[in-house]
Amino acid sequence: MKPHRAFVAAALLALLLAPHPTSAERGVYALVTLEGSVNPIMADYIVDSIKKAPAQGAEFVVLRIDTPGGMLNSTREIIQAILSSEIPVIVFTAPRGAQAASAGGFIMLSAHVAAMAPGTEIGAMHPVSPLVDFDEKEGEDKEKGKGKGPDNVMGKKILNDTVAYGKSLAQLRRRNVAWTERAIRDAISSTYLEALNQNVIDLVADDMDDLLKKLDGRIVDMNGKAVMLSTQGARRLDLVMDWKQRMLNFLADPNVVYYLFLIAVVGIGIELKSPGLILPGVVGVVALFLFLMAVRILPVNAAGLILLATSIVLFILELKFASYGLLALAGIVAFVIGSMILFDSPLPGGQVPMTTVAAVLVFLLLFFFGAIRAVIKTHRGQVQTGREGIVGETGRAMSDFGGSGRVFVHGEIWNAHSEDDIRRDDAVEVRAIDGMVLEVKKRA
């Protein structure tokens with residue numbers, strides 16, 4: 001007997017023998033929520049929830065998702081937890097308007113039951129690696145002797161490995177393998193109805209109540225064993241993040257980490273420009289601390305971090321030395337490349353968008369060539385306040401004198417001494433100050 005026929009037979013037997021719960025025998029299901037990017041903190045939360053759900057009496061897990069993508073390693077951890085789960089895991093893209101993009105698409109493929117709400121979409125699973133992205137057409141042309149570009153082996157390996165991973169999940173769950181390959185190679189996306197018609201998902205549900213109604217009595221394949229879902233009157237068990245996980249999850253977003261870096265640079269820079277303001281310095285130091293905490297959570301590329309720090313140094317050096325823009329240009333290149341490779345993830349949602357990189361770069365350039373230039377100019381310039389600030393000032397004599405007399409300088413009357421013969425109303429220049437006596441000379 002073929003495997004799928006054996007499963008059908010086992011499913012029919014399970015349906016006939018399954019006990020029908022009474023109103024007093026309400027089942028329990030666990031609700032886990034994936035909202036936002038897939039990162040290590042989110043993965044830990046979901047994996048732990050799937051593992052502890054059976055111990056808390058849950059008969060199945062509903063993983064409700066709305067994600068633009070995220071880290072590939074974190075995605076694999078979630079999928080491994082789903083594949084090894086003791087109870088069925090239903091992945092539901094909801095509410096209306098939600099998406100299961102990139103990493104979300106892989107998670108949907110791995111589900112025991114995949115469902116979507118109206119107005120949602122799935123797909124765009126092409127791996128993204130800015131420095132090693134592989135162009136298949138270019139590779140084919142080169143093999144035929146037409147292409148001139150280099151054969152990007154690293155990009156080819158990443159793409160082929162991701163395709164194989166997606167196809168294996170689709171084959172395991174008997175879903176559309178051809179669609180999966182196109183979603184990865186060509187980054188196609190599908191609406192909820194297109195996904196249903198093409199056997200990418202199993203059902204469409206308006207909301208949680210509708211989902212439970214459509215799941216009731218459904219047979220699920222649990223590693224060759226037929227399990228029937230009983231959802232009538234099921235009680236929901238919410239498994240949510242604690243406060244620490246929520247805080248770390250907020251910091252584990254590549255966009256948040258990037259903006260923390262910007263706030264740290266600007267805050268500390270303003271404090272250096274105007275010492276004593278305190279608030280900008282405190283905000284900058286706190287942002288720097290959070291940035292360093294976040295880069296310990298995310299899979300950060302050390303080379304990218306070094307390039308970002310190098311770019312800041314190059315911007316400062318450009319203000320100090322006349323390089324005719326070469327240092328600034330090198331800083332821009334270092335900043336862009338460092339931003340592109342800062343996070344080790346080939347999936348969309350796990351990297352900083354180029355629009356964000358460009359916006360932050362423009363802001364930093366304006367800041368460095370505005371605020372920081374003023375700081376350097378101030379330090380290079382002559383002291384303009386206090387007793388020392390009066391040296392070099394000009395004034396006029398209040399009377400005739402050839403030794404000691406009085407002069408009017410800087411809006412004040414001073415005792416003065418001069419080796420020159422000074423006449424009343426002569427212009428004088430302050431050469432030095434000794435206590436409360438100005439050393440002056442007659443201006444030509």
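Leaving aside its neighbours within four places in sequence, Thr93 is in contact (heavy atoms within 4.5 Å) with Ile65, Ala98, Gln99, Ala100, Met108, Ala115, Met116, Ala117 and Thr120. The model is predicted: local features need pLDDT of at least 70, side-chain atom pairs count only at pLDDT 80 or more, and totals for chains, interfaces and linings use all residues. Residues are numbered from 1 along each chain as its sequence is written, and side-chain values use heavy atoms, with hydrogens and water left out.

Thr93 counts as buried because its relative accessibility is 0% (buried means under 20% relative accessible area, exposed over 50%, partly exposed in between, with a 1.4 Å probe and protein chains only). The residue lies in strand β3. Strands (E, at least two residues) and helices (H or I, at least four) are DSSP runs, numbered from the N terminus; two strands pair if DSSP finds at least two bridges between them.

An open sheet of 6 strands, paired in parallel, has the order β8-β5-β3-β2-β1-β11. Its edge strands, β8 (203-204) and β11 (235-238), each pair on one side only. Helix α2 (residues 40-52) packs on this sheet and touches β1 (28-35), β2 and β3. The direction of α2 makes about 170° with that of β1 (axes are lines fitted to C-alpha atoms, for helices over the stretch in contact, and angles run from 0 to 180 degrees between N-to-C directions).

| Strands | Sense | Bridges |
|---|---|---|
| β2 (residues 60-66) and β3 (residues 89-93) | parallel | 5 bridges |
| β13 (residues 404-409) and β14 (residues 412-417) | antiparallel | 6 bridges |
| β14 and β16 (residues 437-442) | parallel | 3 bridges |

Arg64 stands opposite Phe92 in β3, Phe408 opposite Ile413 in β14, and His417 opposite Glu439 in β16. The hairpin of β13 and β14 has 2 residues between the strands, and His410 there takes a positive phi near 60°.
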